[in-house]
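This briefing goes through the structure shown below by topic.

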Amino acid sequence: MLPFQMIAGGTFTVSVSGSTASAVEVVCQSQNPPDFIVAKSITGWGEANQAQAVEWWWERSMAQGTAKGIQQSSHATAPAMNTKFLSSNGIFTYDTTNPPTFTALAATAITGSAGTFVVSMTNTGSIAVGDWVRLTSVVGERQISGYVFQVTAVTVNTSITLGYMASSGITFGADATAAQVTKIIPNRMYPRWAYIANITQATQAVVYFTGKNDFTVGEIVSFRVPELQNGLTTMTQINNLQGRVLSVTNSSTVSSITVDIDTSGFTAFAFSTSLAQLEVSPAIVVPSSSGVVPYNGSATIAQQPPGTNLLDSFDNRNTRVIVFGHSCFDTSSFVSTDGDTWMWQAYKYDQYNGQ
Amino acid sequence: MTVSISTMPPQIQQRYNGKLLSTPEHNLIHNLFAVPVELPDNQGYIDRQSRYDRLDLFPVPLDDAQTNPPSQQLNRVDVDCRVRVYATYIVLTRQVTITNEDPVLNSAAARLGQAMRETQDVLQRDNLESSASVVNCVGGDNGDLPTEMQLSDVDDVVTLLQNNSGEYITNMIPGELKIGTSPIGDAYAMMSNTRMIPVFNNITNFTRKFQYPNVSQTLSVEWGGVNNTRMFVSEQGSITPNASLSGNDIANNFVTAKEAYKVVWQAGGKARFIYLPPGYNNDPCMLRHTAGVSFYQGQCITNDLWIVNLRSTGI
């Protein structure tokens, strides 16, 4: 036996916009956490006239989120290498069945009345685009307290944007004046129920969600839209109805499905108000069963030959992930080029310090 | 020099007790009410079960001309469940097993078995957490949303499941002439975290298991019942941390009717204990044993109307 095993490896591509890079997440299909992780830039290593990081590594005695590595200076023929330590947004690993938890951060406003859902925060912590956050203790918009949203934009230490909520077209009567924002990493059991942000009144209803949805074309979904208190109304006619998903949208700001339910005569979908007695359950869509795949979004014509949707099978898609934080690729003036290719490897020690 | 117990050699001072201490084991509740399904080998890895929808009733009589009425459409829905493989193992050097008086491999087998069963349970818990529809408790008075669970919340869920034609899991335990006991109705099953115990005990008319007229048809993991729901608890019951309106932990209490969810095992992939003696796995000098377990399992909800996640705070 070797004293260590390489348990996973491969390549990934870096995404950079301007001088800001996105974090990279790779799958490490291992029951146990890796003890040593290393990544090296294939494109950038020795590249002329391009100051950039070319190697990062993490070892299990180091704190999660840190990384040590090498940056090379900009030079035409012989770039100089310097060592570098990242104290945050470096390398971390977790399995999605038991993800790390994050401290709640204070928010001072949520622009629900304008329907833009920008959350003002003097400390945005490690929240990045694509992360999921839960709002709690919301003052002024209590109707979404406890809800989970996906973040579509971040202005560091200024605000985050809940763009999927914003693109749903829903607006509230007032803005929130305070809230707690907690980053969460969802479990990846599939399919998952999803919070409804809005439902249109149409012959084929469009259902908007608060973050990217997992539903697939042909899947049968079921609605739970409970009554509101204090005389407020919402689309309760759709409660417990089942519908077939005709099309799915999961863009950078819009998450929706179109279903074969005619809601044109239904009451408009609405949230409770912040002042109303909040004795309600959230409006959600739950997975129900597998249906025939429709032909080009048609509610009546099935795909020919008939398509069987296997993507909606109940499944355990949890995995172990390794995250290379954005600081690996955009620290100060050492910025990677968009599309750069890196290699990575993860190792597990059979014996660590003789143990 | 005085001979006292402090001068005795360690071997004299100490006796190794061969009776092992107990290892904490979690209650396994989440597969208790699942329909077990076996996926035969060599027939794929996705188990599909189907259900034919109800037909419309036809209370209008035919006319005197005896014209055939329009036909009804028979509709079928399919529920797909993918089976995945799970495995883990430990490595013991032969030196350990021939040096140690304690039969370490025996303990390894027991612990592997425990880890496997608890994993099977957790998989089902996570499945229910992600796919069962949610209902917030609102009957309590702690000012949060959800509130702490009260009798009205339990009754609301029973009503909901009855409205959806969900069948009870357990039969009634009728009253008997025993002091301090109380009958239990036909019941749905609720799977909860042990942190819910104080909340249960505070529910009006809650009947602890020891107050059942007859405890012969109960399980050790059962805590009690009220009206038409019986509560089963586990340390690894579902909790969503800091998720309520006020940021408190939420207990996810899964209330299920009969045939609401299932667990799928592959015929050739049932739970196995796998022992390999020294000499396997690139071990030419025969230095290492391995002991492992593996199982194939899938889990899914089979009728979303028959299972509800009744969320409660107050834990």
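Predicted model: local features only at pLDDT ≥ 70, side-chain atom pairs only at ≥ 80, totals over all residues.

How far apart do the C-alpha centres of domain 1 of chain A and domain 3 of chain A lie? The two centres are 39 Å apart.

**Layout of chain A**

- The domain assignment divides chain A into domain 1 (4–96 + 319–349), domain 2 (105–184) and domain 3 (189–316).
- Chain A contains two helices and 28 strands.
- The C-alpha trace of chain A spans about 70 × 55 × 45 Å along its principal axes.
- Chain A has 355 residues, of which 45% count as buried.
- Taking contacts in chain A between residues at least 6 apart in sequence, 72% join residues at least 24 apart.

**Six-stranded sheet of chain A**

- An open sheet of six strands in chain A has the order β1-β28-β5-β6-β7-β8, with antiparallel pairing.
- Its edge strands are β1 (4–13) and β8 (81–86) of chain A, each of which pairs on one side only.
- From one strand to the next, the twist averages 20°.
- Six bridges join strand β7 (residues 67–72) of chain A to β8(A) in the antiparallel sense.
- Within β8(A), Met81(A) is the residue that stands opposite Gln72(A).

**Three-stranded sheet of chain A**

- Another open sheet in chain A has three strands in the order β4-β26-β9, and the pairing is antiparallel.
- β4 (24–27) and β9 (91–95) of chain A each have a single partner strand, so each has one side without a neighbour in the sheet.
- Direction ignored, neighbouring strands of this sheet are turned by 20° against each other on average.
- The antiparallel pairing of β4(A) with strand β26 (residues 320–324) of chain A runs over four bridges.
- Phe324(A) in β26(A) stands opposite Val24(A).

**Nonpolar cores**

- The largest nonpolar core has 115 residues, and those with the most contacts inside it are Val207(A), Tyr188(B), Val255(B) and Ile307(B).
- This core lies between domain 2 (105–184) and domain 3 (189–316) of chain A, because both give residues to it.
- Apart from it lies another core of 24 residues, which include Trp56(A), Trp58(A), Val323(A) and Phe329(A).
- Not counting residues up to four places away in sequence, Tyr188(B) touches Val158(B), Leu161(B), Tyr168(B), Ile169(B), Asn228(B), Thr229(B), Val255(B), Thr256(B) and Ala257(B).

**Contact between chains A and B**

- Chain A gives 40 residues to the contact and chain B gives 34 residues.
- On the side of chain A that touches chain B, at least two residues each come from β13 (132–139), β17 (178–184), β21 (219–224), β24 (284–290) and β25 (315–316) of chain A.
- The largest share of that side, six residues, is supplied by β24(A).
- By type, the residues of the side of chain A that touches chain B are 14 nonpolar, 19 polar and seven charged.

**Lys183 of chain A**

- Lys183(A) is located in strand β17 of chain A.
- Is Lys183(A) buried or exposed? Lys183(A) counts as buried because it has 21 C-beta neighbours inside 10 Å, and the cut-off for a buried residue is 20 or more.
- Neighbours within four places in sequence aside, Lys183(A) is in contact with Phe102(A), Gly125(A), Ser126(A), Ile127(A), Asp131(A) and Val133(A).
- Lys183(A) lies 9.3 Å from Val148(A), C-alpha to C-alpha, and the two are 35 residues apart in sequence.

**Strand β6 of chain B**

- Strand β6 (residues 188–193) of chain B is largely enclosed by the rest of the structure, because six of its six residues are buried.
- Tyr188(B), Met190(B) and Ser192(B) point one way from β6(B), while Ala189(B), Met191(B) and Asn193(B) point the other way.
- β6(B) runs parallel to strand β9 (residues 229–234) of chain B, to which six bridges join it.
- Asn193(B) has Ser234(B) as its bridge partner in β9(B).
- With strand β11 (residues 250–256) of chain B, β6(B) pairs in the antiparallel sense over three bridges.
- Phe254(B) in β11(B) stands opposite Met191(B).

Definitions and conventions. Residues numbered from 1 in each chain as written. Chains lettered and ligands numbered in written order. Domains from an automatic or database assignment. Pairing = 2+ DSSP bridges. Axes fitted to C-alpha atoms, helices over the stretch in contact; angles between N-to-C directions. Core = buried A, V, L, I, M, F, W, Y, C linked by C-beta atoms within 7 Å. Buried ≥ 20, exposed ≤ 12 C-beta atoms within 10 Å, placed from the backbone. Contact = placed C-beta atoms within 7 Å. Nonpolar A, V, L, I, M, F, W, Y, C, P; charged D, E, K, R; others polar.
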